[in-house]
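Dear colleague,

I am handing over a structure that you have not worked with before. Please look through it first, and then read the notes that come after it.

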Amino acid sequence: MSKGNDLIICEYCDAVYHRAPLRRHQSAVCTRCGGVLYRHNGLTPQQRLALSITGGVLLVFANAYPVMTISMSGLSNSATLWDAVMVLSSGSITFMALVLALSIIFAPVLQIAVLCWVLSFAMAGRRSPAFGACMQALERLRPWSMLEVCLLGAMVAVIKLAGLLDVIPGIGLIALAALSVLLIYIAGRDIRDLWEQV
């Protein structure tokens, strides 16, 4: 009789498989529907916690420092991520400001906070309180965290404005780029392996 943690269920068609070890860059695919069952992840809880803390530091830099500075004829103006939310909230599209704040500020903050909470207990070799709720929160926050979309929009704005004004990318833009890649690596991929690691 096989143990329960050796089995994996396809989330798309409910087919049951025995878990097999994977090498780097490999993924297990359902033979019935073609959905990805799980991927190889070589990160230990210690490495994942270190990357989560790094993400928290980058998030502070991304929100505290200007994303870009625009100058023309001796006048200059800079904007942070929060400034973008505040400008949208003062207009007639306040709902868009809420969506923007949720996707580029609150969702990444919650993702990093929940990851640090779960992984700090994992370092001690035990599950955190409300572990199941934390894992569900991470799964539900993943589609709402859109830092990479914000980064793409900022890069388009920098390129478009560069021909008309003096545009200087700020520390916030660099931190946003690094944070986007880091969040995709630690939380944007399959996080189900934390169930086995913890």
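This is a predicted model: local features need pLDDT of at least 70, side-chain atom pairs count only at pLDDT 80 or more; totals for chains, interfaces and linings use all residues.

Residues are numbered from 1 along each chain as its sequence is written, and side-chain values use heavy atoms, with hydrogens and water left out.

The chain contains seven helices and seven strands, where helices (H or I, at least four residues) and strands (E, at least two) are DSSP runs numbered from the N terminus. Along the sequence their order is β-β-β-β-α-β-β-α-α-α-α-β-α-α. Taken along the principal axes, the box filled by the C-alpha atoms is roughly 75 × 40 × 35 Å.

Of the 198 residues in the chain, 34% are buried; buried stands for under 20% relative accessible area, exposed for over 50%, and partly exposed for what lies in between, with a 1.4 Å probe and protein chains only. Among contacts (heavy atoms within 4.5 Å) between residues at least 6 apart in sequence, 59% join residues at least 24 apart. The accessible surface of the chain is about 11,800 Å², and carbon and sulfur atoms account for 66% of that area; such areas come from the Shrake-Rupley method with a 1.4 Å probe, and for residues only the protein chains shown count as cover.

On the surface there is a nonpolar patch formed by Trp82, Met86, Leu102, Phe106, Trp144, Met146 and Val149, which together have about 650 Å² of accessible area. The elements that give two or more residues to this patch are α2 (81–89) and α3 (94–123). Leu102 lies in helix α3 and is partly exposed, at a relative accessible area of 30%.

Asp14 sits in the loop between β1 (7–9) and β2 (16–18), and its relative accessible area of 59% makes Asp14 exposed. Ala130 is in the loop between α3 and α4 (131–141), and is likewise exposed, at 52% relative accessibility.

Terms used. Patches are made of residues with over 30% relative accessible area and no salt bridge: like charges are joined within 9 Å, nonpolar side chains (Val, Leu, Ile, Met, Phe, Trp, Tyr) within 5 Å. A salt bridge is a side-chain nitrogen of Lys or Arg within 4 Å of a carboxyl oxygen of Asp or Glu.
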